[in-house]
Amino acid sequence: MVPSTSSDGQADGLKSYENILVEQINIGLAELQRPASGLFLSGLSAGLDIGFGPLLMAVMTGLMSGSLPKPATELLMANMYSIGFIFVILGRSELFTEHTTLAVLPVLDKRASLTSLGRLWVVVFVANVLGGALFAAFAVTIAPQLGIAHAAAFTEIAKTLVKHDFWILVGSGVFAGWLMGLLSWLVTAARDTVSKVLIIWIVTTAIGLAHLPHSIAGSVEVLMGLFLSPEITAFDYGRFMLAATIGNAIGGVFFVALLKYGHVTRNTDEEEMETAPNPAESE
C-alpha cells in the first residue's frame, strides 16, 4: 500500500511518480464512493459531450472532401475527434476508459473492493453508451437538415471502425485503452490547465489518427452510421462494442494500472528498506 501523502521534493518542478500515484488513488477512491445516481448523471453527460468529436468529424468530412490531400484530411479529422475528449476530461465527467485505469488503482492498493469497481464500471459504461446514443440520434436528425453533414459522411466514419475482424478490433482496442490510461496518468502529472489540454489533444488525436476503437466515442460514430445507413447493422454495432470494450479494458488495466502501480510501489518499498535502520548496526 502506498502512503496517503507524499512530499514533492522535485527540483525540476515535476511531480514525483509517488505523488502521481497517490493522487490517482485518491481520485479513484472518491469516484468509487460516489452515489450511483451521481455517477450515472456524470456518465450520461460524458456520453453526450464526447459526441461532439464524431459530429465535427462528419462536418469536416463534407467540407474537406476532395479539397485537401488525404494525409491532411486525416490529420484534420483526428483533431476534430479530440474535441469531445477535451470537453469530457476538463469537465470532470465520468468516462469508462479513464476508469479502466483510475478506479483499478484503489483496488490494487486494497482500499476498495472488486464489487465497488464492478459497480462503477457498469454504471459509468451504461450511462456513457446511453448518452452517446442520445447524442447520435439527435445529431443525425439535425445535422443533415442544417446541411452541415450528410448521411454519407456518417456512414463513411462508421465503416472505418466496423470493417475489421473481431480480434483486430480487440487488439487495436488495447492500444486505445493503453493510451487512455496513459492520458489519465499524464493529466494527473500536469500542473496547469494548458498542459492538460495539450496532453489530452496529443493523446486523443493519436487515437483518432490511427482509427483505434474507443468504446464510447466509437459507439457514437457507429450509431450515427447505423441510424442513417443499411450498410451498418445492429450486429456490426454489437460486435464493435464487445471488441472495443474488451480491448480498452485490457489496455487500461494491464498496460497502465498494473505496471504503474507495480513499479511505483516496488520502488517505494525498496527505498523504505534502504532507509530503515540496520539492527546489527545499532547493537
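1. A nonpolar core is here a set of buried Ala, Val, Leu, Ile, Met, Phe, Trp, Tyr and Cys residues joined through side-chain atoms within 4.5 Å. In this predicted model, the largest such core has 74 residues, and the members that touch the most others are I50, L55, F85, F154, L183, M224 and F240. Helix 7, which covers residues 114-146, gives the most to this core, with 10 residues.

2. On confidence, the protein chain has a mean pLDDT of 91, and 90% of its residues reach 70 or more. Where pLDDT is low, the predicted coordinates should not be read in detail.

3. The largest pocket holds about 470 Å³ of space. Its lining comprises 23 residues, of which E74, M77, E156, T160 and H211 are the closest to the centre. The elements that give two or more residues to this lining are helix 3 (52-64), helix 4 (70-90), helix 8 (151-162) and helix 10 (193-209), and helix 4 gives the most, with 6 residues. By class, the lining of the largest pocket has 11 nonpolar, 7 polar and 5 charged residues.

4. The second largest pocket has a volume of about 400 Å³, and of the 20 residues that line it, I27, I89, R92, E98 and L102 are the closest to its centre. Two or more residues of this lining come from each of helix 1 (17-32), helix 4, helix 5 (96-102), helix 9 (166-189) and helix 10, with the largest share, 4 residues, coming from helix 1. The lining of the second largest pocket is made up of 7 nonpolar, 6 polar and 7 charged residues.

5. Which residues other than glycine call for a check of their backbone because phi is positive? Most residues other than glycine have a negative phi. R92, in the loop between helix 4 and helix 5, has a positive phi near 60 degrees. H211, in the loop between helix 10 and helix 11 (217-228), has a positive phi of about 55 degrees.

6. The two residues also belong to the pocket linings, R92 being among the closest to the centre of the second largest pocket and H211 among the closest to the centre of the largest. R92 counts as exposed because its relative accessible area is 66%, over the 50% cut-off. H211, at 33% relative accessibility, counts as partly exposed, since that class lies between the 20% and 50% cut-offs.

7. Is V187 buried or exposed? V187, which lies in helix 9, is buried because its relative accessible area is 12%, under the 20% cut-off. Not counting residues up to four places away in sequence, V187 touches K196, I199 and I200. V187 and V197 are 10 residues apart in sequence, and their C-alpha atoms are 8.5 Å apart in space.

Technical notes. Residues are numbered from 1 along each chain as its sequence is written. This is a predicted model: local features need pLDDT of at least 70, side-chain atom pairs count only at pLDDT 80 or more; totals for chains, interfaces and linings use all residues. Side-chain values use heavy atoms; hydrogens and water are left out. Buried means under 20% relative accessible area, exposed over 50%, partly exposed in between (1.4 Å probe, protein chains only). pLDDT is the predictor's confidence in each residue, from 0 to 100. On a 1 Å grid over the protein atoms alone, a cavity is a set of points where a 1.4 Å probe fits but cannot get out, and a pocket is an open set with protein on both sides within 12 Å along at least five of seven lines; lining residues have an atom within 4 Å of a point. Grid points are joined across faces, edges and corners, and a volume is the space filled by probe spheres set on the points. Ala, Val, Leu, Ile, Met, Phe, Trp, Tyr, Cys and Pro count as nonpolar, Asp, Glu, Lys and Arg as charged, and the others, Gly among them, as polar. Contact means heavy atoms within 4.5 Å.
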